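Please read the points below with the coordinates open beside them.

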Amino acid sequence: TILWEPTPPPIHSAGPDFWISEQETAATHLERNLEEIDAMCATGQIAARVQVLVCEPIPGKWTDWMDSKLVNCGGKPAPLEEKAKQQEGGNPYDAGVEVDDRPSPIQVVVVASADTADTCHDLKSGFMEKRMQDLILAPPYISGDDKKHLKGGSFDPAVKTTHPDLVSSDDHDVYIAMKWSSLVTVRAVASFLQASADIAVAAASPNNQMAAKGEKNADGVTVALSNEPSSPFLIPSFLRVSYVSEENNKVAKWRMHGDFFHPAAWEICKDSFDMTWIPDSLSGNGGVTPICYGEGATSASRKLKGDEECGQWWVYMAEEQMPTTPEVYANEVTAPLVQGGSNYFWMLTERQRQEVLKQKVCEHENKGDDDKKKKCGEAPQAVMPLGDLQSFQINFTPNTALGKKHNTGRRPGYSREKERERDRELVRERKQLKGQDDIEKALFDYTVYPSALFHKDATVKAARARDAVLTKESDKDKDRIGPQTVKSSYYDVTITKPREATSAWCQHMARKGLCSLYAPYFRESTDKRCMEACGLSKKFSKIVKEKEK
């Protein structure tokens, strides 16, 4: 309730905004998001509608303020512009309102009743997360009498049964679910659509229909997608990152927020993901257009020589994301829709929504019958494209996530908890370090996983997986650490040899999201220099062995 108690900034006012309390208020974060959504509408390519879920009714002045922030999406423009419009023609809404012409792009939905208000305000209850999933999925309403409609999966996932007045019940192409603390950007939306098209193209590939019969082939990293129910169901997913200063709070105060901020994740660590190569997972311009097979194949194959494969590397989440309290408890009550995805920022296309819904209804129908459940298909699984990893990292705007301890047993890397404990014991036994306890705490109790390190770990994991396959048994040098046959041209460099500039430029482009923004160029032109940075090269770079003197 804190957020809605103060007065919102004046609407369309000239001059400086008035002061909003420094106590954490969602108003500043909400404003930043609304500006971003307004910018999306201003492109003329996106028509956005915003549904704000609240636990209890909020003052109308807040709704008006939110509406005034979305002028390009159809919000109320400033009074002077309004006058000019009225002279041109009457009120466009007189003849009845179509969905696209709703009077306001903002809809505030009170999702709790008097009985559930307390649960709704309890951040550990997972109540809001559940409501958000229900509104977006719009599942069929299952009451005692309606059961017969569902039997045999005869329901139509395209038909929504939620109340027609809800914005979420309209037909949309993409749904974005987010908590007020995350920042949605045009870049995230564009990259999500590109990645979804890439996965759809891979599943439709004729080459993969055969390969998918044997799920993983010999190299252990290639996953062929197909339209079979047994094929993995992948949905591009997001990870929240927060800016970390290199100092602690006190030092930052002394130094007037001097230094150096890195986006870093706290909900995953290097053990939370695996790398996967998905053949044919590249889509060209104009919707879902194959460029690895079919008519589009000429451009991509022109670039590939000999036995090189067409496709891209994906980060495949192997663990659930582990936030700190209270969100970690909310996740236990209401699990994210996508395994390994985030509950606090996720997107679905209409097609993905229908697939998720079919799978969920099928599981609900066949509770207790394991054989039938298997036919429901795989639960959706989170992936992110390696070549565009930073676009899937979502800015967590309040700067409070980091430096919080994870609860024991609920921290990232839980699948390798025992190994971590062993490492910790080793550090303890050595006792060589000054300030031993502090260092140990920093190493093991707090998870701060910088975005750049995530990119590096992912690239190196993929490169090592290929290296293990390509290195012949006879050549394997047991005593040597590191790659032997192929390596990452950017990350695997020795100290003595400086990097040449091109790989750093490519790396920079990949981090800025240009591999996906300029996908037609990077994927279809004959320029191969950035293939590896964009995650398009399965083979990585050959290691040139120096001749022994």
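The numbered points that follow go from the whole chain to single elements.

1. Basis of the values. This is a predicted model, in which local features need pLDDT of at least 70 and side-chain atom pairs count only at pLDDT 80 or more, while totals for chains, interfaces and linings use all residues. Residues are numbered from 1 along each chain as its sequence is written, and side-chain values use heavy atoms, with hydrogens and water left out.

2. The chain as a whole. The chain has 19 helices and 14 strands, where helices (H or I, at least four residues) and strands (E, at least two) are DSSP runs numbered from the N terminus. Of the 549 residues in the chain, 47% are buried, buried meaning under 20% relative accessible area, exposed over 50% and partly exposed in between, with a 1.4 Å probe and protein chains only. Among contacts (heavy atoms within 4.5 Å) between residues at least 6 apart in sequence, 75% join residues at least 24 apart.

3. A four-stranded sheet. Four strands form an open sheet with mixed pairing, in the order S4-S10-S8-S7; two strands pair if DSSP finds at least two bridges between them. The edge strands, each pairing on one side only, are S4 (234-236) and S7 (273-279). Neighbouring strands of this sheet are turned by 40° against each other on average, direction ignored; axes are lines fitted to C-alpha atoms, for helices over the stretch in contact, and angles run from 0 to 180 degrees between N-to-C directions.

4. Pairing within that sheet. S4 and S10 (residues 381-385) run parallel and are joined by three bridges, with Gln381 in S10 as the bridge partner of Leu234. S8 and S10 run antiparallel, also with three bridges, and here Tyr316 has Val383 in S10 as its bridge partner. S7 and S8 are antiparallel as well and are joined by seven bridges, Phe273 being paired with Met317 in S8.

5. Cover over the sheet. Helix H16 (residues 451-470) lies across S7, S8 (311-317) and S10, and runs at about 60° to S7. S8 is mostly covered, since seven of its seven residues are buried.

6. The structure holds four cavities of 30 Å³ or more, and about 90 Å³ of space lies in the largest cavity. On a 1 Å grid over the protein atoms alone, a cavity is a set of points where a 1.4 Å probe fits but cannot get out, and lining residues have an atom within 4 Å of a point; grid points are joined across faces, edges and corners, and a volume is the space filled by probe spheres set on the points.

7. Lining of the largest cavity. The lining has 13 residues, of which Gln312, Pro385, Asp388, Ser516 and Arg523 are the closest to the centre. Helix H7 (186-203) and helix H18 (514-517) are the elements that give two or more residues to this lining, and H7 gives the most, with four residues. By class the lining has five nonpolar, five polar and three charged residues, where Ala, Val, Leu, Ile, Met, Phe, Trp, Tyr, Cys and Pro count as nonpolar, Asp, Glu, Lys and Arg as charged, and the others, Gly among them, as polar.

8. A helix pair. Helix H1 (residues 26-42) and helix H2 (residues 60-68) pack at an angle of about 35°, with their axes 10 Å apart. Ala27, Leu30, Glu31 and Leu34 in H1 meet Trp62, Trp65 and Met66 in H2, and the residues of this contact divide into six nonpolar, no polar and one charged.

Note on methods: On a 1 Å grid over the protein atoms alone, a cavity is a set of points where a 1.4 Å probe fits but cannot get out, and a pocket is an open set with protein on both sides within 12 Å along at least five of seven lines; lining residues have an atom within 4 Å of a point.
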